[in-house]
Amino acid sequence: MLKIMLFLNFFYFFYVFIAFAQPNNSPTINQSLRTPNVSANALFLYRNTTSGKFSNSIERNGLDIQETEIAFYSDVDPYSSLNVILSIAPEYEYDATTDTVIQDWIIEPEEAFALSNYFSGITFKLGKFKAEFGKHNLLHSHAYPFVDAPITNDQLLGGEGLNDVGASAAILLPFKSFYSELTVQYLRGEGENSEFSSKNSNDGISVMHWKNLMDLSDSFTMEIGGSYAEGNNSMNAKTKLIGGDLTFKYIPLSGGKVGSLTLAGEFIGRNQEQKNLTTSYDDENGKGFSIWAQYQFTERWSLLTRYESFEVKNSEALVNENALINDKTIKKSLAFNFNATEFSSFKFECDRLEGPPMNNGKRDENRIFLQANFTIGSHPVHSY
Amino acid sequence: MKSLLFFYSFVFLIYSNFLFAKINLVTTTTDLAAIVIAIGKNNVEVMSIAKGTQDPHQVSAKPSFMIKLRDAQLVIAQGLELEDAWIIPLIDGSRNPKIKKGTSGYLELGSLLNPIDVASTQVSRSNGDVHPNGNPHFQLDPIRLGQAAIIIGERLGQIDPNLKDFYQQNAKKFQEEMSVKWNEWKKRLVATGIKEIITYHKTLNYFCTSFGIICQLQLEPKPGIPPTISHSLELIKQIKDKKIHLVLIENYFDRDSAGKIKESIPDMRISPVPVSVGGEAEISDNFILIEKIVQLFEMKK
């Protein structure tokens, strides 16, 4: 019923849009009509981890290209703009017969969507995009505060996050004293998101997110959000996701960025019904949170720390082809970030994990990373 | 009778809301907001996104600004890529199509004011965070401020034709007053005998060009790159050769960034300088801002 209502709403809005939209005849200045804005980003990573030493590890120790992205964006016409972001990254697969890890290169659209703000108060989006679920899911790798995504996001939303083809409407709610945005999305349900990989092509994913940001003062803000997603999974049963996020941010009004402080936390819970043709099992229950802080102690240096906890129960491998490991993981991270300029930065990070046993039977893992981040082309956006 | 009175009062209230409605504007900087207030007086409601104490290159696209932009009829920006990294996502997030860049609801002044420091050769990011189409910091040139006021006055007149003459008269008055003050400031600056200064960034280049002062040397080796020891040593050599006696550091940069220079030349005058309206508590308009800078030149120590 929710799917039908969402589709009807989208068809109604697009009908009204096409029927009554009048083009804006003002010329666009300062933009080449032939060339879109182009930028590229490259992440280079040196990794040294306990698990990276094992012959079957697909996260190998040493130097690697973590990911590169090429982005094109421009106005299409007075009604819409187009964003295309291509990702180029290595993909590793373990071949048990030869006991080797094989590398391949993947080029894929990280996001490719059209955007329209033509109707006051609403942003429509159509294409492939990162779903508006929580805060971290929207980030591209080069914008991550740490080298990797939180474990909870990686395990419950997938390695690429909740990212699929679909349609979206984001409404700026008419509150005067604070920012409040409600987003509803419908995704195809056939992407890489294994938690929603229904075999029925008519099954999609409904996503909703409510974001609120308040200015506690000119330099201090609080953001609070809630997310929900629901869809069918590969077992012809339901998967539900809930999420909550809270962020406090202090940015001084004078003296540059020195003294800026961010405190953030995010929680995701997933409930996955599990069954086959004859038997129903207990629902798989996965939940976790991450809390992190970033302090800018000089104009170019910042210190970051993160604490994460993630646990899975009742995941049943007999029936669930995407079963997770029933265990608990705790992860602590400490990082230093150096912004040489707005276009290049370097990160040094140490992680300590206690989780499911590795090849050597041990539960503890130490990780060290050194990451270099370079951007060329159009000026990076100052996201908040 | 009572209900009729109530009805007419209600109609009058609604009518007067439209009749006396203020133009809702957002500017990127406090300097532009100050010009708007000087021209529009009580007929405009204006908010600046950047504060006078902030580096306009580094403003974050805080979502709460989108609320202000949602209701704005006009956005005025300095332009020349000064604000692109934050004003464009803010406008997109406001979902207000009337103020999108390229529409009549978005006014970018820099390119209309005969910008200086336009790149004459191909530039890349190896030159630092450059503005290839010109220096955007025109807010310290009284003559260009006057020209900006005329442009703003015309745009306000297009939005609110009933008060077109009012806005244009005020804009003309602003320009004339700036022209008169320019003459006074010029005489006072010549009297100081200061012919060349050093600044942190190229923020004072328009001020210097307008008043015939040389501002070729900056503490930052390239735009957006903090001062280095080697560059500071090179500057010290040039200071001694050219007999430069004044270093002005825009007050949102690190005041200790000229430390190496102060060590080598103890009697060098190094002073923070406000470069935007609101940059210090008492700087409430463009005239007071430029007066404050002129006074810094006049100070002996």
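Which residues in H6(B) meet which residues in H10(B)? I would like to start there this morning, keeping in mind that what we are looking at is a predicted model. On the H6(B) side we have B:Lys181, B:Trp185, B:Arg188, B:Leu189 and B:Thr192, and these meet B:Phe287, B:Ile290, B:Val294, B:Phe297 and B:Glu298 in H10(B).

As for the geometry, helix H6 of chain B covers residues 164-192 and helix H10 of chain B covers residues 286-298, and the two pack with their axes 9 Å apart at an angle of about 15°. Angles under 35 degrees count as roughly parallel, and H6(B) and H10(B) are therefore described as roughly parallel to each other. The crossing of H6(B) past H10(B) is left-handed.

Let me step back to chain B as a whole, which has ten helices and eight strands. Its C-alpha atoms, taken along the principal axes, fill a box of roughly 85 × 40 × 35 Å, and 46% of its 301 residues count as buried. When we take the contacts in chain B between residues at least 6 apart in sequence, 62% of them join residues at least 24 apart.

Next, the sheet. Chain B has an open sheet of four strands, in the order E2-E1-E3-E4, and the pairing is parallel. Strand E2 (44-48) and strand E4 (106-108) of chain B stand at the edges with a single partner strand each, so one side of each has no neighbour in the sheet. Averaged over the sheet and ignoring direction, neighbouring strands are turned by 20° against each other. Strand E1 of chain B, residues 23-27, pairs with E2(B) over five bridges in the parallel sense, and B:Ile23 has B:Val44 in E2(B) as its bridge partner.

Helix H5 of chain B, residues 142-159, lies across E1, E3 and E4 of chain B and runs at about 170° to E3(B).

Finally, the interface between the chains, where 36 residues of chain A are in contact with 34 residues of chain B. On the chain A side, the elements giving two or more residues are strand E5 (122-130) and strand E8 (205-215) of chain A, and the residues of that side divide into 15 nonpolar, 15 polar and six charged.

Terms used: Residues numbered from 1 in each chain as written. Chains lettered and ligands numbered in written order. Predicted model: local features only at pLDDT ≥ 70, side-chain atom pairs only at ≥ 80, totals over all residues. Contact = placed C-beta atoms within 7 Å. Nonpolar A, V, L, I, M, F, W, Y, C, P; charged D, E, K, R; others polar. Axes fitted to C-alpha atoms, helices over the stretch in contact; angles between N-to-C directions. Parallel < 35°, antiparallel > 145°, perpendicular 65-115°, else oblique. Left-handed = near helix turned anticlockwise from the far one by under 90°. Pairing = 2+ DSSP bridges. Buried ≥ 20, exposed ≤ 12 C-beta atoms within 10 Å, placed from the backbone.
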